[in-house]
Structure formats: structure tokens, C-alpha cells
Amino acid sequence: MYKLLIVDDNTTQIQSVIHFIDWKSLLVTEIKTATNGRDGVSVAQEFRPDIIITDVAMPLMNGIEMTATIKNLGLKSRFIYMSCYEDFDYVKQAIDHEVTGYILKPIDPTELLQAVRKVIEEINQNQKHENMDKLLQESLPIFRENFLYRLLYSRNFNLEEIRQNSQNLGYEAYRSFLVGKLQLSPQGLVPSELIDTYQILNVIKERMLKAPGIDCDVIIESRNNLILYLMGNQEDTELFLTAALAELKALSLYIQETFHTTVCIGLSNVHQLLIETPSMLMQASL
């Protein structure tokens, strides 16, 4: 379902646009109008239209100024311009504002319909991309953990695959890498099978998200062993190591006090290349 705003100081032109097209067949279910650019901005703020069909030359605020104002407000409306003038400057400004259609008056209904269909297609494509981006962002932690698990334990990686995955999953932003291996042991007479590894994993993720300058991916290696993959933007490896040690010490104490579980941590050296991950795991082995 789409919402349409028509802006023109000529009310007869507005009515013509409304009646030129069977809007319901295009799933346009709500239509509002305005007679100048200033009112157009006010209506757009409240109405949040998907499509705006606007005259260019209008009193108080013209269509180009209105477009810029609406875009600056963060609305994602798509624009179609109507104009009596085949003026190159208008066309250029329409291109600059990424306007989808530019139609000369008197309006040809066929041209208007084509422009509206093009706008709707752009809206649908943009929505698909937004949905895909959202899905990818939500799934990114899973993709990263799967990649790291393979990188740690598989020998079937080639350099190009590592480079491509590093780029796609955001690892290229980091300059320092460190692997920590956590071994969990129950305190007292608590059976080891009662250690809630998944709850501890979630606690680690939550606390490490707040660690300044450090990102962390966590992998469950076995019931009582977790692998922490720490990453930072610092090129100064000593600075990164100091910050990582402070966070791990605080994390270890929290786990011991909250879960009555002893934590032993083995650490690798700080490395600056993702491809050295298997070596980091060996260095961190307890």
C-alpha cells in the first residue's frame, strides 16, 4: 500500500492528476494535496507519503526547495516533478535531487502513469534491499561465528576465500587480533554438567559489547570451553593487549561470582593478520 501527496498551486491540475489514473489499481490507497511547497512540507511531515508529485514553480516555496527540505527531514519519499518549462536548470536540479520523473505540462496521462509505475518499482526494489540488509545485519553474528570456527579448525581455506570473507564480514576494519581460550570449572561439589555454558556465552557477549575499543566474537568449543576472538582498531598492540587483559580480568571475576564457576584463560599473542588465527588458537591452548 502506498501514500501519495500531490502539490500544485493549480487546484484544477491537482484534480486532473487524481482522476488521470486508477490509483487503487496501483495500490495507492491514500492521497493528500497541498497548494504550495511550504504546505507540502507540513503535510509530508505528518502524512509521510511514499510518492510526491509536485509542480516546480509555486509560491512561498517552489518544488525544488520543498524537495530539499523534505529530504533533509529524513523522509524517503520519491518525487515526480511537473513543470510548464523544459528548462535545463530545472532538469539538472531534479537530477541532483534524484527525482524519479520529470513531466512537462500539459500532463500526458500515459507519461504520468509510466512515471508512477517507475517510482513504485523503485520503492519495491529499495524495500527488498532494506529487508535484505536488515536480514544480513541480524544474521551477521552467526555468519561471523561460522567463519571463525572454520578458520580456527579447518585446513580447507585459501587466501582468497579468507580475504573475501574478511571483507564481507567486517574484519578488515580491525588492526589487532587476540584469541582467548576460556576453561570453565565448577566450584565445590557442583557437577560440571550443571555449568550453563550458553548463559555464560550470552553474558560474555553482552559485557564485551560495552568494552571500549574492543569487539568480541565467541565460539563454544565444548561444554566447558569457550573461544573468545578479540578485535580492536588500535595499531598499537601493547595498548590493545592492556585493554583486553583488563576486560578479561573483570569478565573472569564476574563469571566466578555469578555462576560459581572457576575461569582459566589462555591467551595468544596479539596478531595483526586474520590469517594467523590458527596460530593464535595454538598459543592460547591451556
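**Cysteines and a parallel sheet**

Cys216 is buried, at a relative accessible area of 17% (buried is under 20%, exposed over 50%, partly exposed in between, with a 1.4 Å probe and protein chains only). The model is predicted, so local features need pLDDT of at least 70 and side-chain atom pairs count only at pLDDT 80 or more, while totals for chains, interfaces and linings use all residues. Residues are numbered from 1 along each chain as its sequence is written, and side-chain values use heavy atoms, with hydrogens and water left out.

Cys264 is partly exposed, at 34% relative accessibility. The closest cysteine sulfur to that of Cys216 is in Cys264, 18 Å away, which is too far for a bond. A disulfide is defined as a pair of cysteine sulfur atoms within 2.5 Å, and the count by this rule is 0.

The sheet is open and parallel, with 5 strands in the order S2-S1-S3-S4-S5. Strands (E, at least two residues) and helices (H or I, at least four) are DSSP runs numbered from the N terminus; two strands pair if DSSP finds at least two bridges between them. S2 (28-34) and S5 (101-104) are the edge strands; each has a single partner strand, so one side of each lacks a neighbour in the sheet. On average, neighbouring strands are turned by 20° against each other, direction ignored. Axes are lines fitted to C-alpha atoms, for helices over the stretch in contact, and angles run from 0 to 180 degrees between N-to-C directions.

S4 (residues 78-83) runs parallel to S5 and is joined to S5 by 4 bridges. Ser83 has Leu104 in S5 as its bridge partner. Helix H1 (residues 11-20) packs on the sheet and touches S1 (2-7), S2, S3 (51-55) and S4, contact being heavy atoms within 4.5 Å. The direction of H1 makes about 175° with that of S2.
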